[in-house]
Amino acid sequence: MTRKKGILVLSELFLPTKGGTAVWFDQVYRRLGGKEHHIITADVAGAAQHDSTHPNTVHRISLTRVSWLKPESLWMYLNLLFHSCWVCIHYRSRVIHAGRVLPEGAIALLCSKVFRIPCVIYAHGEEITTWRQKNKFKAMVYVYQHCDTIIANSEFTREELLKLGIAKEKITLIHPGVDTSTFKPELPCQDLKQQIGLQPKEQLLLSVGRLSRRKGFDNVIRALPLLREQGINVRYAIIGIGEDEAYLKQLADELKVREQVSFLGHVNVDDLPRWYNACDIFVMPNREINGDTEGFGMVFIEAAACGKTSLSGIVGGPPNAVLHEKTGLNVDGEDIAALSQALIRLLQDHQSFASHAYQRVLDELSWEKVAQQTQQLEGV
């Protein structure tokens with residue numbers, strides 16, 4: 001019996017590691033087939049339990065950096081290369097997919113040349129705008145130029161790739177998706193509203209993401225006094241942890257809106273869809289900080305899948321996640337007055353935006369749709 005050839009996927013980020021990229025790779029490849037697809041990823045806490053029921057074959061290896069090696073990532077590259085070659089030899093993979101351009105993409109490109117199979121690399125946007133170390137940047141451009149196909153997560157990322165001189169025909173646009181069986185409308189959430197003391201006449205703004213400056217959570221807090229002046233009665237809940245936690249809490253204290261803001265930290269994975277259901281508007285007015293910006297924003301489509309509209313920034317990839325004047329609004333994340341007015345507008349008339357956002361998810365952005373797009377790539 002001839003063994004079926006599958007896809008070899010190289011990704012340091014894979015569930016149960018947290019983050020949108022880890023979710024993306026887990027959700028797509030399980031929908032593309034079974035054990036013939038091999039995932040090489042990092043060995044992390046909870047991996048054995050997660051992998052025991054996974055339809056793909058998951059190989060866990062050490063991808064840590066070693067401080068006494070120069071470069072520190074040398075062991076990670078060698079270990080990834082060894083295991084990639086082993087899978088290619090033993091299972092005769094028909095194509096190799098890399099979750100990022102470095103380190104995974106460099107290994108994928110080398111294997112594709114040795115084993116004469118196509119190489120597909122994902123581009124997320126942030127790496128292109130923030131990796132400015134000379135050698136690392138040159139390596140990134142080289143790998144992008146010499147692979148067979150690049151999957152760009154947004155129009156923003158595609159444009160950044162074109163600026164690097166990447167051939168247009170090499171780039172395929174595929175947005176991330178959402179699990180519509182998990183993220184869906186009409187989930188029970190009254191207990192969550194009670195948890196933060198939300199009153200019947202109060203509306204709830206929600207943000208989900210790492211507490212970092214580019215997300216714009218600080219400017220949502222700055223907008224709260226302006227909303228209060230307009231007689232808009234809102235509470236603001238933030239899910240996530242990060243380096244800006246103390247800064248955000250101090251800002252809320254200084255603006256005398258601390259009682260309106262709930263910092264929820266990590267929440268139970270089963271509760272996240274319910275929090276989206278609990279809110280009236282999802283808000284993340286992202287902005288660019290020293291070249292660092294949002295590549296897409298999967299949280300926006302998670303909110304949309306729960307029947308909610310969103311407010312995003314105008315930079316980076318979120319305008320592909322939130323279609324301006326259709327599924328929500330895009331505003332300048334630095335303009336507090338514009339942000340406030342957009343919030344007021346959405347709070348007063350969010351149902352039509354929300355219905356369009358939800359329908360778009362069903363039509364275009366479920367993981368099933370994303371898997372279909374990935375399946376259609378040449379060589380896959």
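R210 and E243 form a salt bridge in this predicted model. Their closest N and O atoms are 3.2 Å apart. The pair joins distant parts of the chain, 33 residues apart. R210 sits in the loop between β8 (203-208) and α9 (217-229). E243 sits in the loop between β9 (234-239) and α10 (245-254). R210 is partly exposed, with a relative accessible area of 48%. E243 is exposed, at 52%.

A second pair is E294 with K215, with closest N and O atoms 3.0 Å apart. This pair also links distant parts of the chain, 79 residues apart. E294 lies in the loop between β11 (281-284) and α12 (298-305). K215 lies in the loop between β8 and α9. Both E294 and K215 are buried. They also belong to a network of salt bridges that includes E126, R214 and D292.

R222 and D218 pair within helix α9. They are 4 residues apart, about one turn of the helix. R222 is partly exposed, with 30% relative accessibility. D218 is buried, at 2%.

| R210 and E243 | 3.2 Å | 33 residues |

Side chains of opposite charge can pair when their charged atoms come close.

Technical notes. Residues are numbered from 1 along each chain as its sequence is written. This is a predicted model: local features need pLDDT of at least 70, side-chain atom pairs count only at pLDDT 80 or more; totals for chains, interfaces and linings use all residues. Side-chain values use heavy atoms; hydrogens and water are left out. A salt bridge is a side-chain nitrogen of Lys or Arg within 4 Å of a carboxyl oxygen of Asp or Glu. Helices (H or I, at least four residues) and strands (E, at least two) are DSSP runs, numbered from the N terminus. Buried means under 20% relative accessible area, exposed over 50%, partly exposed in between (1.4 Å probe, protein chains only).
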